[in-house]
Amino acid sequence: MHTKIQSILKQALGASLPSGAAVTVPDEEFHGHYATNAAFVLAKERKQSPAEAARELAEQIQKNAPKGFFEKVEATPRGFVNFWLSPTAFQEELGRIIKEGERYGSSDELRDRKIQLEFISANPTGPLTLANGRGGFFGDALANVLVHCGAKVEREHYVNDAGNQILILGKSVLAAAGKISDEEKFYKGEYVKEWAAAHAKEIRDAAVPLELGKRAAADLLKEIRRAIEEKAQIHFDRWTSEDKDIHEKGLVEKTLALFKEKGLVYKAEGAVWLKTTQFGDDKDRVLITSDKYPTYFLADAGHFLETKERGFSDKILILGPDHYGYVKRISVAAELVGIGAFEAIVTQAIRLVENGVEVKMSKRKGKFVMFEELIDEVGADAARFFFLQVSPEAHMDFDMSLAKERSAKNPVYYAQYAYVRSRKILERANSESQIAKSALNRLTGENELRLIRALVRFPEMVAQAAATHRVHHLAQYAVSLAREFHGFYEKEKVVGVEKELEEARVLLVRGVVVVLENLLTILGVSRPDKM
RNA sequence: GUCCCCGUAGCUUAACGGAUAAAGCGGCUCCCUUCUAAGGAGUAGACUGCAGGUUCAAGUCCUGCCGGGGACACCA
């Protein structure tokens, strides 16, 4: 619907939309079902008043529009052009929803793109944090959106199972077992003590820190995977191992050689550096430490080279707030290894509060609310929606007791309830298969048309999410669509009204089911049969 | 100190540079003989942190200030 109006507008202009011009859905209905600000842009170009440009544009549009599509096209004195679409136009679009079913809202906009979407990438040195969860749900839903728009997407969880942190984990286990003295940098969470207690024999027999660290990391990774896949219902296509997929395959050396070839590498103070400052970074970055170890940064660049060599055109990396300072240098690495389009999305901090007072969280000290705990308390759907509703750059205050209290009132249930109600109507009504398509044009009541207007926004919302890489609008849309449906449900009956009307309304409700099903699927929220 | 993010209703958050700033929760009034009341109808509640600027149009862009958070390793 939205695309159709855009293309009519383009035809009227005889050109593509000028930048800054858009087709929108106004807040107030008296401004039309849709509206455009294109005349403001034209007015500037043509040195006219906005009102004049709007009048001319409205005329052009009316001339170009398919017959019967618009009910009214109006230029306002301020310079907007407002559109009212005919009931027929909406009825036809509803027909499309029913016909396309689960394909409704999908497109082939991104068919040429092969995108690697990396998210969570939790270190196997402790349980998942709330920040991991936030990025996890976000990444999962974003991947669904991109797939819906025709892209080939790999959901990747990168595991840092090499390097210093694994050694520290090993030492932390030894410290927890009382074998060596504790140090500030060691991991101190309960999970370390638990693991040490459960593996006392191994610690006695083979107390090589790095080996112990690897074993503990492998176990922690299993826990992480279980929480992600079973509890959070987040799906990954690939669990990439830094150790096995990057180091052992020589990608680190290869990347270093690539950087050298470009003349961007130098030695200083016993270490090997990359001239990232040439690309706007604050300072140059170390690739190989003076102890001859490759840094995390170099390994990551190697990981990016692997991504490039595996044929991805795009890489989207979702990071937690603590990695903000990392974005610049990793973007430089992405450019140097030749990744076509790279975007880092940093989810903002979640501040833990308890009774209005901030609780400091630290993975090392072991005091934090775990992601899994949240899911256990409020359920996967509520937890998911809780995060998906807000934009990734919004800072959030998080109070576990409040989250528990609110979980019962989570808007996700409002949306799911709309789904349950609409399904129930279809169950009770006469079979849809015998309803003629012509029944659609009996949907002329204001309540019915209102609901269709809400339904047809779905493709536009998906396209917007894909273009902006933001999914919170979809969650918001789910709530507003549910509101429209609940309003309709209250005012109009479907089953048991006069036969011809019932048939028409059954088609309308089918449309609701289709859109809610597609929408909830993209968000990753379950679709219950009853509540 | 430098850099980044945020500041919107009592609370949690929306709002492609567009029209009278929206929703949920909480408050107050009502509505279950009717497809599940996890619902609906109504009502109160905001000089969008402050001060300037750009624009036909600013919550949104620019500058400065105030407040909150985060990042500034040869850690990951």
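Let me begin with the buried residues of helix α9, which are Leu212, Gly213, Ala216, Ala217, Leu220, Ile224, Ala227 and Ile228. Please keep in mind throughout that what we are looking at is a predicted model.

Helix α9 itself runs over residues 209-231, which makes 23 residues, and from its first C-alpha to its last it reaches 31 Å, close to the 33 Å expected at 1.5 Å a residue.

What, then, covers the buried residues of α9? The cover includes α5 (130-148), α6 (164-176), α7 (190-198), α8 (200-205) and α14 (371-378).

Let me take α6 and α7 from that list, whose axes come within 9 Å and cross at roughly 70°. Because angles of 65 to 115 degrees count as roughly perpendicular, α6 is roughly perpendicular to α7. On the α6 side we find Ser172, Val173 and Ala176, and these meet Val192, Lys193, Trp195 and Ala196 of α7. Sorted by class, the residues of this contact are five nonpolar, one polar and one charged.

Now to α5, which packs with helix α15 (residues 380-388) at an angle of about 85°, the axes being 9 Å apart, and so α5 too is described as roughly perpendicular to its partner, α15. Here α5 contributes Gly133, Arg134, Phe137, Phe138 and Ala141, while α15 brings Ala383, Arg384, Phe387 and Leu388. In this contact of α5 with α15 there are six nonpolar residues, one polar residue and two charged ones.

Methods. Residues numbered from 1 in each chain as written. Chains lettered and ligands numbered in written order. Predicted model: local features only at pLDDT ≥ 70, side-chain atom pairs only at ≥ 80, totals over all residues. Helix = DSSP H or I, 4+ residues; strand = E, 2+ residues; numbered from the N terminus. Expected span 1.5 Å × (residues − 1). Buried ≥ 20, exposed ≤ 12 C-beta atoms within 10 Å, placed from the backbone. Contact = placed C-beta atoms within 7 Å. Axes fitted to C-alpha atoms, helices over the stretch in contact; angles between N-to-C directions. Parallel < 35°, antiparallel > 145°, perpendicular 65-115°, else oblique. Nonpolar A, V, L, I, M, F, W, Y, C, P; charged D, E, K, R; others polar.
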